[in-house]
Amino acid sequence: MKLVIHGKNIEITDAIREYVHQKIEKAVNHFQNITNEVDVHLSVARNPRINPRQAAEVTIFANGSVIRAEESSENLYASIDLVADKIARQLRKYKERRQDQKTHAQPTEEVVAESVVTDLIGDRTPELPNEVVRTKYFSMPPMTLAEALEQLQLVGHDFYMFRNSETGEINVIYERNHGGYGVIQPRNGNGHTNGKNGKSAHANVAMSEKSHSGK
């Protein structure tokens with residue numbers, strides 16, 4: 001298993017590196033057969049007097065899936081402890097879900113392809129950030145909506161970008177404020193999405209506890 005440690009506004013000392021290895025390797029010890037690579041990102045605020053939070057983020061690449069957890073506190077070692085516990089729970093859920101999929105049919109829920117909104121700005125003045133604070137690169141193999149939903153649940157974000165295996169285009173699946181999930185698809189030149197028959201695509205995907213919580 002490959003473990004990589006990155007730092008932002010912090011020097012990765014031998015003591016920190018040893019502590020990360022100790023905690024993270026223990027957390028993934030029972031899941032090494034499905035874990036290919038572990039990426040650990042440690043960061044502190046530029047001005048600790050204003051923001052004393054110190055964050056630890058762990059991203060695990062497991063058999064083509066991405067599992068992510070992040071925690072922060074005023075102590076870096078405490079943050080590492082918290083994220084190690086969280087990633088262990090995420091891995092356990094991932095393994096249990098995989099086992100359930102092999103033995104049981106999952107309930108389904110419709111994912112709604114949202115209509116295209118032409119005016120995203122309205123009367124607001126567009127503003128761009130002063131700088132790009134972080135850039136991420138990752139492979140984007142084609143996947144179904146069901147697979148994209150599973151990835152969304154594993155990474156812990158509100159949305160997930162993926163390449164739709166049916167159309168070959170980039171889509172975004174996201175949590176809807178009133179519960180369930182939606183999919184954003186590109187519109188081609190004739191005013192239709194590129195789903196079958198030029199209509200917005202609908203699909204059945206695996207339901208999770210998260211799908212009923214809303215925001």
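User: In this predicted model, which residue of β3 is the bridge partner of E37?
Analyst: The bridge partner is F61, in β3.

User: What makes β2 and β3 a pair of strands?
Analyst: Two strands need at least two bridges between them to pair. β2 (residues 37–44) and β3 are joined by eight, in the antiparallel sense, so they meet the criterion.

User: What makes β3 and β4 a pair?
Analyst: The test again asks for at least two bridges, and nine join β3 to β4 (residues 65–73), so these strands pair. They run antiparallel. Within this part, A56 stands opposite E71 in β4. The hairpin of β3 and β4 has two residues between the strands, and N63 takes a positive phi near 50° there.

User: Why are β1 and β4 called edge strands?
Analyst: The open sheet has four strands in the order β1-β2-β3-β4, with mixed pairing. β1 and β4 each pair on one side only, and they are the edge strands. From one strand to the next, the twist averages 15°. Helix α1 lies across β1, β2 and β3 and runs at about 135° to β1.

User: Why is β3 described as mostly covered?
Analyst: Of the nine residues of β3 (residues 54–62), seven are buried. The cut-off for buried is under 20% relative accessible area, and E57 has 5%, so E57 is buried.

User: How do you know that E57 and R68 make a polar contact?
Analyst: The limit for such a contact is 3.5 Å between N or O atoms. The side chains of E57 and R68 come to 3.3 Å, which is within that limit, so the pair counts.

User: What makes the pair of Y19 and Y77 edge-to-face?
Analyst: Two values decide this. The ring centres must lie within 6.5 Å, and planes over 60 degrees apart count as edge-to-face. For Y19 and Y77 the centres are 4.8 Å apart and the planes 80° apart, so both conditions hold. A search of the whole structure finds one aromatic pair. Y19 lies in helix α1 (residues 14–27) and Y77 in helix α2 (residues 76–103), so the pair ties together parts 58 residues apart in sequence.

User: Why is Y77 called partly exposed?
Analyst: Partly exposed covers the range between the buried limit of 20% and the exposed limit of 50%. Y77 has a relative accessible area of 31%, so it belongs in that range. R17, found in helix α1, is also partly exposed, at 35%.

User: Which residues does R17 contact, leaving aside its neighbours within four places in sequence?
Analyst: R17 is in contact with I5 and I12. As for V4, it is 13 residues from R17 in sequence and 9.8 Å away in space, C-alpha to C-alpha.

User: What makes the phi of N9 worth a remark?
Analyst: N9 has a positive phi of about 60° although it is not a glycine. N9 is placed in the loop between β1 and α1. Its relative accessibility is 43%, so N9 counts as partly exposed.

User: Which residues touch the most other members of the largest nonpolar core?
Analyst: They are V20, I24, V40, L42, V58, I60 and I67, in a core of 29 residues. Two or more residues of this core come from each of β1 (2–8), α1, β2, β3, β4 and α2. The largest share, eight residues, is from α2. Not counting residues up to four places away in sequence, I67 touches V58, T59, I60, A62, I87, Q90, L91, Y94 and L154. Another core lies apart from this one and has eleven residues, among them M143, L145, A148 and F162.

User: Why is helix α3 called mostly covered?
Analyst: Nine of the eleven residues of α3 (residues 145–155) are buried. These are L145, A148, L149, E150, Q151, L152, Q153, L154 and V155. In an α-helix of 3.6 residues a turn, residues three or four places apart point the same way.

Methods:
Residues are numbered from 1 along each chain as its sequence is written. This is a predicted model: local features need pLDDT of at least 70, side-chain atom pairs count only at pLDDT 80 or more; totals for chains, interfaces and linings use all residues. Side-chain values use heavy atoms; hydrogens and water are left out. Buried means under 20% relative accessible area, exposed over 50%, partly exposed in between (1.4 Å probe, protein chains only). Rings of Phe, Tyr and Trp (its six-membered ring) pair if their centres lie within 6.5 Å; planes under 30 degrees apart count as stacked, over 60 as edge-to-face and the rest as tilted. Contact means heavy atoms within 4.5 Å. A nonpolar core is a set of buried Ala, Val, Leu, Ile, Met, Phe, Trp, Tyr and Cys residues joined through side-chain atoms within 4.5 Å. A polar contact is a pair of N or O atoms within 3.5 Å; within protein, one must be able to donate a hydrogen and the other to accept it, and residues adjacent in sequence count only if both atoms are side-chain atoms. Axes are lines fitted to C-alpha atoms, for helices over the stretch in contact, and angles run from 0 to 180 degrees between N-to-C directions.
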